[in-house]
Amino acid sequence: MGSMWRKAKRAMGFNLCVHVPRAMGEEEEDDGCRLAGLGYGRRASDAAATAMSSPAGSSGASEFLALMPSTPTPSSGGLRLPKSGIRSSKKTCAICLGSMKVGDGHALFTAECSHKFHFHCITSNVKHGNYVCPLCKATWKEIPFQGSLSSEHPHGRARVNPVNWPQEEGRVAVVHRLPPAESANRWHHQFSSGFRGAEPTNFNDDEPLDILSETARSSQQNCPKIVEVNTHPEFSAIQQSASLEDFAVLIHLKAPHVSMKPSPSRNLIASSTVPQNSRAPIDLVTVLDVSGSMAGTKLALLKRAMSFVIQNLGPSDRLSVIAFSSTARRLFHLCRMSDSGRQQALQAVNSLVSSGGTNIAEGLRKGIKVIEERKEKNSVCSIILLSDGRDTYTFSSSASGAQHSELNYKSLVPSSILGGTAIPVHTFGFGVDHDSAAMHTIATVSGGTFSFIESEVLIQNAFAQCIGGLLSVVVQEMWLDVECMHPGVRLAPIKSGSYRNQLSSDARTGFIYVGDLYADEERDFLVSVNVPPHMEEILLLKVASAYRDPISNDIVHLEVKEVRIQRPEVVLFQTPSIEVDRERNRIQTAVAISDARAAAERGALSDAVSILEQRRKILSESLAAQSNDRLCLALDAELREMQGRMASRQRYEASGRAYVLSGLSSHSSQRATMRGDSTYSETLIHAYQTPLMVDMLRRSQTSCYSARSPAPPMHPTRSIPSQLQPR
């Protein structure tokens, strides 16, 4: 018997916590630590029995060894969500949402409460101080723990630690017993904080940059592609004697294209990506709400979404995660997403638990601190902020409704951001109870975007669309300089949305700061000038522009564009530029949305609906609309959607305000945002999406649905690059 037992132990290796047979006459304990629970299910227990009872002991042990995979690693293809939502299932790990099929290479752990999890998931939870069942919250007396055989756990003895068990790299899966009172007290303390371990005072412990990749990127930038700049005057000719006061000129920008290439990774989620050498690496900080309201499905979906983000970052990208509730804490330092970095990040995210209140200001402060105190810097940096509630520490929890406009939401933003530090914060309002006004303000002040995640299951898609852009930055610090060339020409005040602009005192020159552009992203700026009478062709404007290439770090100066107008004696008939008319429709629609929102906040919902209806009427009579312009169709669908969400005070408070603010954020920045669930989704074009955003969305959908069925096809309009209408 002893010989067979030794062979079985060797066959099983050290990925299991097993029940050790006791000596003859010794009382058996049933404490929930058994082969079928912590090992590989019934297949493992049956194989172990076969191995010990086989007449040919070595043969039986060898057969059992063949069933046992090597050291388990987190599943890269897991984290799949059933269509019916998150639910307790014997086939699904409630921590990572991955499959728990027998024989898939992952050890399983069955707790005293009979709930089953991946062993690596539950040990990660224990490592971060979580000693209760994630499903039923039962306090465990026996906890799974991956530790060294030579170290003693301070809270109890190892249940399984055979003296003659051979060691593999000095580690073995063991289970420790916690004294009942101590375990309860310890869990209460850890649950209130959600974390374990001391946090450094200074966040200057970021992992060094990938210098080799930096060199490779620079060497491949021999002939960098440049930004396209085009101008479109409202009319190509003006009669010699005519004088116009509001003549429009459209300046159109389009960023270079970046090709997608297959990834060598075996991870199906990241099967294709932007080549690492053709884009700038990013320093990304995610600031995540883990307050009590995030418990259950919300937290599980957040973990899945963060796993998707982690899997799609490259080895030169760096990530840090801040979790906040009543307080905020950095889960891990800014580290590169190498294989080991991803493993660390996945374990930290999977260990999150929900509790406490909502302190957005503290979470954002720590996120900014990570960026500001890093020793080394990737050329692109950004913060993603997600919350499902209102800041209950900076503002009174009773503030609502019309009081939203009276709150100073800028107090949530660190002073460095208010002072002009360029750290865009992309905010995500999760569910119907978040503070959309606060999230919109944070995004606007920092230069980010605000997305409204109305349906919980769309959180991963929202993150996917965002990082699809962040991982394709090809232009930085771009600016436009507009100069009047004719002595009688003057610029009108420039309306550039959320982009900073400046007009000289004599109105002869204007400046627009564009900032970053994603690959294939487009920007339109409409400038207005007066046109004096003139006898011959007139040179109205010159448009100069430049930007910094984030890969080579070189300043690229673009060709100066001239805007000339013909001046014949007589102009019988000409059609205005449809490009100018399209952009004017977009700008005026955004103004109408802003006016309607102001009316709704005053409580005048009927006035708000009337403002939107009037804009729809004017829009339908425009030249672009009569030409069946697709942007006009999208704008009309958007206005209809907003009218429906302003039909009652209850609906406006629940989703109307957030939907309107996410729309305003999208139009002012000319960048894609998540816009809730639209009634007119078949008509409403997903504004400003780039091809790489669409690709990342497809990847997200594939990862969500691959367990059940092929990913549903995206609506054809979603593939339209950047601006809404082909040019």
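Angles under 35 degrees count as roughly parallel, over 145 as roughly antiparallel, 65 to 115 as roughly perpendicular and the rest as oblique. The model is predicted: local features need pLDDT of at least 70, side-chain atom pairs count only at pLDDT 80 or more, and totals for chains, interfaces and linings use all residues. Residues are numbered from 1 along each chain as its sequence is written, and side-chain values use heavy atoms, without hydrogens and water.

Two helix pairs were examined. Helices are DSSP runs (H or I, at least four residues), as are strands (E, at least two), numbered from the N terminus. Axes are lines fitted to C-alpha atoms, for helices over the stretch in contact, and angles run from 0 to 180 degrees between N-to-C directions. Helix H14 (residues 578-601) packs on helix H18 (residues 649-669) at about 150 degrees, with the axes 10 Å apart. H14 and H18 are therefore roughly antiparallel. The axes of H8 (residues 297-312) and H13 (residues 459-470) come within 8 Å and cross at roughly 25 degrees. H8 and H13 are therefore roughly parallel.

The second largest pocket holds about 980 Å³. A pocket is an open set of points on a 1 Å grid over the protein atoms alone, where a 1.4 Å probe fits, with protein on both sides within 12 Å along at least five of seven lines; lining residues have an atom within 4 Å of a point. Volume is the space filled by probe spheres set on the points, which are joined across faces, edges and corners. Of its 38 lining residues, Ala-422, Ile-423, Pro-424, Ser-446 and Tyr-513 are the closest to the centre. Strand E17 gives the most to this lining, with five residues.
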